[in-house]
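Q: I'm new to this one and would like to learn how to read it. Can we go through it feature by feature?

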Amino acid sequence: RCYILSNENGKIQLSLRQSRLNPKIKSKVEDIEITSIKDVKKGQLVRGYVKSITPSGVFFSLSTSLLGRILFQNVSPYFVQKHSLYEKYLPEGKLLTAKVLGVNRKEKHIELSLLPEDTGMSSVLPESLGLPQYGAEEEKKEADDEEKREEPKLKTKRRRGNSESGTAKVPVSGQKDEAEKLYRLGKKDLIALEITKIKNYSFWEAKPKKRKICPTDENDSGIEVYYREEDEDDQEEEAAKKKSKVRKPGEAPRLQISMGFTWDEDNAMDIPVLDQKEESSESEEEEDMQSKLKKQTKKEKELEKQKKEKELCKVEAALMDPSRQPQSADDFDRLVLGSPNSSILWLQYMAFHLQATEIEKARAVAERALKTISFREEQEKLNVWVALLNLENMYGTEETLMKVFERAVQYNEPLKVFQHLCDIYASSEKYKQAEELYHTMLKRFRQEKSVWLKYASFLLKQGQTEATHRLLERALKALPTKEHVDVISRFAQLEFHSGDTEHAKALFESTLSSYPKRTDIWSIYMDIMIKHGSQKEVRDIFERVIHLSLAPKKMKFFFKRYLDYEKKFGTAESVLAVKRAALEYVETKSSLADT
């Protein structure tokens, strides 16, 4: 069970607090719920989860909308140089107890601490790591502060000494202490202090580590002169800059000296020192800039997510559109997955690959369709087989076509497969192969009327009328007698459409003379003559029919057709003539009935 806090923009926030799940049970709440910054007070112990670790500190989640920051110096009493160690011992989502050090309600900033002396818990970093503590760093800071306070006094002493005698009169014991202080104030390169005595007076000079001593002349005053080569000076300055840039986190900034020591009274200058407060303020500004950049990146990420969601919605809407045509193989896969028994989709999928001249992929789709379509869907499977035959006929060889043909004959009705392959040969103008296949069919399916008719149609399209006449004779010999009338009428129809019309009329006339009561043949003959014959020929056929001795229902049918024809193509007199003929037929039938 869980409690739903909110449901906005498709994001659901849940709570597992017992006080929400079971409000009737009044148990003590260990962690007070924090909903805003007003619920946080200085000195308060709170529990939360590690959100992230950045160069500016550890961000601590107190609630879904409230974050606090823990500086690295407040995370552990140990000094850590590599932040990856924090990521190891403070993984995202870890539950910890922290103490509130400060709350800025205007800017909504909360400073927290994980130090053992603040929380009463053990350190988040184990002591077994052997890390140095921050105490040593603090002692260095205090020593630097003392040096800053004593430095102005040293400057005044140097000025007084130079003004009185031109040399710095300092006791030897005091010089050592002052040298140690200046050593700490100087650059990172070692500064050696040398004490010399001239005329019972002693003074000390700052000497860099790498210096060469010039040979003294006879007229020299006795003071040793030191100088530094330009190349060495440049190298040391570059090394000092690199070292000054690398500073451990939490370490106090070192004082920088812009030039070497000089005791010349005229060119006496104060040593410029970088203010620690200014540097700390700069570091805080850098941290603020980094946090702003991170906030911007988060917003950008959210915007990118929203854009991606909109694009996905558009894609989903397009996919749901029934009128949308598939544009890729993935679209076809999705369609055939929804309708696996639809041969139309499979054929479109094959055509898609053929448009890209991907023959093997089209073959693979056909084979996949034959395996996927249910065995009960015989016509759908046959459609795929025909498509595969077409593919092999167009892009394959005769061997591959025959292999597919033999497989298709095994899995489907052989006659249908033969007929489809004949049509494929005819449409691709492979007349020789088609004729050979028809001869094979006549031997194998000689009792099938459709085979004779299909071959007759093929011959008539090739203009072989005489071959068609001979084929009719063979068909009448091969087929049973009950099929003769139908076969003759079908051959006559084919002759009317693409053969000899006179021979077709002769076929109909001979059939009707032998079977005058076959009203179906009369109807077919009338329809063909209305389309292809003259009005006189059509009227002659109608006159012959209405004078036959047929059943009254059949006669009524022919009179009605005759009347409709005259109303459409004849005159008023011809219409009256048909009505009189119908009236006479009725009177004769009634008189015969009375007798």
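Q: What should I know about the model and its numbering?
A: This is a predicted model, where local features need pLDDT of at least 70 and side-chain atom pairs count only at pLDDT 80 or more, while totals for chains, interfaces and linings use all residues. Residues are numbered from 1 along each chain as its sequence is written, and side-chain values use heavy atoms, with hydrogens and water left out.

Q: Where does Glu 429 sit?
A: Look in the loop between α13 (414–427) and α14 (431–444). Helices (H or I, at least four residues) and strands (E, at least two) are DSSP runs, numbered from the N terminus. Glu 429 has a positive phi, near 60°, and is a residue other than glycine. Thr 357 is also not a glycine, with a positive phi of about 55°. You'll find Thr 357 in the loop between α9 (343–355) and α10 (359–372), and it counts as exposed at 65% relative accessibility.

Q: How many salt bridges are there?
A: The rule is a side-chain nitrogen of Lys or Arg within 4 Å of a carboxyl oxygen of Asp or Glu. That gives a count of 17 salt bridges. One network links Glu 360, Arg 363 and Glu 392.

Q: Which residues form salt bridges with Lys 505?
A: Take Glu 502, whose side chain meets that of Lys 505 at 3.9 Å, N to O. Both lie in helix α18 (residues 501–514), 3 residues apart, about one turn of the helix. In general, an α-helix has 3.6 residues a turn, so residues three or four places apart point the same way. Then there's Glu 537, with its closest N and O atoms 3.1 Å from those of Lys 505. Glu 537 lies in helix α20 (residues 535–546) and Lys 505 in helix α18, so this pair ties together parts 32 residues apart in sequence. Lys 505 counts as buried at 17% relative accessibility, whereas Glu 537 is partly exposed at 30%.

Q: What does Arg 544 pair with?
A: Its partner is Glu 509, in a salt bridge of 3.0 Å, N to O. This pair links distant parts of the chain, with Arg 544 in helix α20 and Glu 509 in helix α18, 35 residues apart. Arg 544 is partly exposed at 37%, and so is Glu 509 at 27%.

Q: Which residues make the surface patches?
A: Patches are made of residues with over 30% relative accessible area and no salt bridge: like charges are joined within 9 Å, nonpolar side chains (Val, Leu, Ile, Met, Phe, Trp, Tyr) within 5 Å. Lys and Arg count as positive and Asp and Glu as negative, with His and the chain ends not counted. A charge's place is NZ of Lys, CZ of Arg, CG of Asp or CD of Glu. Here Lys 11, Lys 51, Lys 298, Lys 301, Lys 305 and Lys 308 form a positive patch. Helix α7 (residues 276–320) gives its largest share, 4 residues. Lys 11 belongs to strand β2 (residues 11–15).

Methods:
Accessible areas come from the Shrake-Rupley method with a 1.4 Å probe; for residues, only the protein chains shown count as cover. Buried means under 20% relative accessible area, exposed over 50%, partly exposed in between (1.4 Å probe, protein chains only).
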